[in-house]
Amino acid sequence: MSERAAGLKRWLTTTDHKDIGILYLVTSLFMAVFGGAFAGLLRAQLSAADLKLLNPDLYNQFLSMHGTLMIFFVIIPAMAGFGNYFVPLLIGARDMAFPKLNALSYWLVIPAAGLMFGSFFVQGGTAQTGWTGYVPLASRQFSGTPGVDMWILGLHLVGLSSILGAINFLVTIINMRAPGMGYFKMPLFVWTWFVNATLILFATPVLAGALTMALTDRAFGTGFFRPSEGGDPLLWQHLFWFYSHPAVYIMVLPGMGIVSHVLPAFSNKKIFGYKGIAVATAAIGIIGFMVWAHHMFTSGISPALRAFFAFMTMVIAVPTGVKIFSWLATIWGGQIRFSTAMKFALGFIALFVMGGISGLTLAVVPFDVQVHDSYYVVAHLHYVLFGGSVMALLAGTFFWFPKMSGRILDEKLGNVIFWLVFLGMNITFLPMHWLGIVGMARRVYTYRPEFEFWNQVASFGYILLFAGGMLLLYNMFKAVRKGERAAEDPWGVYPLQRTLDWSVSSPPPVENFAKIPEIV
Amino acid sequence: MKKIRVFLMTGLTLVGLASLGWADEPITNWLVNPEGPLARQVRSNFFFAMVMIMPFLFLAEGLLLYAIIRFKAKPGGRAAAFHENLRLEVLWTVIPALTLAITAVPTYQTMRAMEVPPKSDLVVGVIGHQFFWEYRYPKQGVQFAEEALVVPAGKVVTLNLSSVDVVHSWWVPAFGVKQDANPGRITHAWFQAERPGHYKGQCAELCGKLHAKMFIDVQVVTPEEFEQWILKKKGVSLPPDTTRKS
């Protein structure tokens, strides 16, 4: 197809990887507004001890849906959005291998989102189990609401969407690289998606299996997870984390790919240790499958399992460290231009290092046992997923927005957004480390008075994050309407980096390349 | 090494003071007030890990900050051209790996201490309910619910935990103990509180609507007081209602 339909019809019928990428990104932004609003409600309720803003039922619903939306409907689709748009472009292909399957992957997200939102409006409301849906709390006996069934079915649909997408990415990357592009010539964003798609393909079916068991337990009384029927609640935890730990890497690896493009681009250098980063990415992907039970150190698993998973959790820090040092060496000796994209990429390093280090302390089992399910873990996971994934996504947004829209985002406004987000993030989440250490459990709608001060600080930080988010939306809205036009290579990075995304017009034409480029 | 530890300790204490939390009774803060040998071992394991790991945080953030200040683009400036260095890459793989191997040693020792309790002086069954705790002293023939757990000071207390409904988690920070209570299985934990006093904790695993209000109170008393408390408890003890949730 070389002719493109116009208006709404274009967006509803498209199989163009670039249009689908934009659909994913817009959907993710839309869902982020809700995920962020729910977080705001949680922080409002926690802004003072024993506040009666939200009742416990509602608090637990917003808590569960904040996590579910941010993970499955914001970060994962946003990574898929950038992946869809840029993987074919970066490997010199005209589209994904299976364009119609690609459209199906995207359109599965919409009914899934419908189920999630709809689950608020059934009798009993949505799941109150946290995004982890631990049984027996999520069983029919303790969560009778059909909202939980809708939550399960919604996750099933996004899971299917992810699996189909992963197959598409793998086939595309393996078969459709331009002539001359060997595996070790692929840009690092493609490398991270290559590993990422593999993770999704192997991990997500396990989640699907666990969800199906939970569903049949609820609907038909099968008893996979019920001790009275010979089942075991710990089986759910094992299956759930077998998916959900790799999911952390699913959420962060493509972000590392984005950062590996932004840092050299604005340092006017080549990426340091390209092969090291590619191999470390693959190593993280493999070891990432062998650390899941570190989410279960207090569950009563055997000492041998605790010892093994503590060890592997320390091991995975090594390739992660390799990446961080390689990024530092990339900017070392460079000529750094502080564009907004670069600020977010540097902010990513600063915050992701924090999240990595706090993650490493959690491998020290005795300490993990102390702070597990406390606010320390809330702090840690937000440093990884907000400080890591979201900062990288924002770097990617400012970096690639001109390529996708043909317009440049306002850099002055971008600077304000960066500082609001960076400071807001730290003010919100840094105190949570301490709250967890001194004994505040997570997932609580209220707390003892001695925890009030740092909770107020955290709630104040949210206001900055909210302002940053609103300004970002405004910046995009303004840029699309009257932003400065972008040429092929608005950042002037092609001469040194030679990545194909900057070799075509902004936005690229339908099918990207009139003639498939050859890589030398 | 010792100096760093003192420094770290002072810093943490100051933050503790600032958080307004630690001076208040009851005792929750295990960094300032670890209670008993296990909690102290957990704390020194944590400090050791911090001493090993934190330099990497400061190194990475320091290098980042330095690079940001030092390598700002200047008109006519030229970027360096290097993009690999095998020796450097081997170093930053091997040094963190060795550091972690060293960190693992006291970690595994502490894990062993957590898993293998000394000879038990008192066995208590802990049963989680939505949203309260039930305690059973099988040898003493005492059981009750929705009251503080009472244990004698200086004695090794072993806990057998279970639940009648959903997963709960018994967490008393000052003792260095957090252990899930699962339906259908029994899990174990132990602690040895030395100083009489009132210790507070709460359920750590989301267990439903009132999870936030599922507190834990532990009263540590002298062994004599404990004997008297048992006698008094036996006189009035009624079997608790365990049938309200199945």
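The model is a predicted one, in which local features need pLDDT of at least 70 and side-chain atom pairs count only at pLDDT 80 or more, whereas totals for chains, interfaces and linings use all residues. Residues are numbered from 1 along each chain as its sequence is written, chains are lettered from A and ligands numbered from 1 in the order in which they are written, and side-chain values use heavy atoms, with hydrogens and water left out.

The phi angle of Arg498(A) is near 60°, a positive value in a residue other than glycine. Arg498(A) counts as exposed because its relative accessibility is 53%; the term exposed stands for over 50% relative accessible area, buried for under 20%, and partly exposed for values in between (1.4 Å probe, protein chains only). Glu511(A) is also placed in the segment after α15 of chain A. Its phi is near 65°, again positive in a residue other than glycine, and at 30% relative accessibility Glu511(A) counts as partly exposed. Most residues other than glycine have a negative phi, and most peptide bonds are trans.

## Cis peptide bonds

In chain A, the peptide bond from Ser506(A) to Pro507(A) is cis, with omega near -10°. Pro507(A) is likewise placed in the segment after α15 (494-497).

In chain B, the bond that leads from Gln130(B) to Phe131(B) is cis, with omega near 0°. Phe131(B) has its place in the loop between β1 (122-129) and β2 (132-137) of that chain.

Helix α10 of chain A comprises the 24 residues 340-363.

Ser339(A) lies in the loop between α9 (303-331) and α10 of chain A. With a relative accessible area of 8%, Ser339(A) is buried. Ser339(A) and Trp491(A) are 152 residues apart in sequence, and their C-alpha atoms are 9.2 Å apart in space.

Leu58(A) belongs to helix α3 (residues 56-90) of chain A. Its relative accessible area of 31% makes Leu58(A) partly exposed. Along the chain, Leu58(A) and Tyr445(A) are 387 residues apart, while their C-alpha atoms are separated by 9.4 Å.

## Cavities

The model holds four cavities of 30 Å³ or more. A cavity is a set of points, on a 1 Å grid over the protein atoms alone, where a 1.4 Å probe fits but cannot get out, and its lining residues have an atom within 4 Å of a point. Grid points are joined across faces, edges and corners, and a volume is the space filled by probe spheres set on the points.

The largest cavity has a volume of about 170 Å³. It is lined by 20 residues, of which Tyr24(A), Ile76(A), Ala80(A), Ser161(A) and Ser162(A) are the closest to its centre. In chain A, α3, α4 (99-118), α5 (146-175) and α6 (188-220) each supply at least two residues of this lining. By class, the lining of the largest cavity has 13 nonpolar, seven polar and no charged residues; Ala, Val, Leu, Ile, Met, Phe, Trp, Tyr, Cys and Pro count as nonpolar, Asp, Glu, Lys and Arg as charged, and the others, Gly among them, as polar.

## The largest nonpolar core

The largest nonpolar core has 257 residues, and Tyr137(B) and Trp170(B) are those with the most contacts inside it. Helix α3(A) gives the most to this core, with 20 residues. From chain B, the core draws at least three residues from each of domain 1 (2-72 + 82-115) and domain 2 (122-237). A nonpolar core is a set of buried Ala, Val, Leu, Ile, Met, Phe, Trp, Tyr and Cys residues joined through side-chain atoms within 4.5 Å, and domain bounds come from an automatic or database domain assignment.

## Chain B

The secondary structure of chain B comes to four helices and ten strands. Along the sequence, these follow the pattern α-α-α-β-β-β-β-β-β-β-β-β-β-α. Of the 246 residues in chain B, 50% are buried.

Glu225(B) is found in helix α4 (residues 223-236) of chain B. Its relative accessible area is 41%, so Glu225(B) is partly exposed. Glu225(B) and Glu35(B) are 190 residues apart in sequence and, C-alpha to C-alpha, 19 Å apart in space.

Conventions:
The expected span of a helix is 1.5 Å times one less than its number of residues. On a 1 Å grid over the protein atoms alone, a cavity is a set of points where a 1.4 Å probe fits but cannot get out, and a pocket is an open set with protein on both sides within 12 Å along at least five of seven lines; lining residues have an atom within 4 Å of a point.
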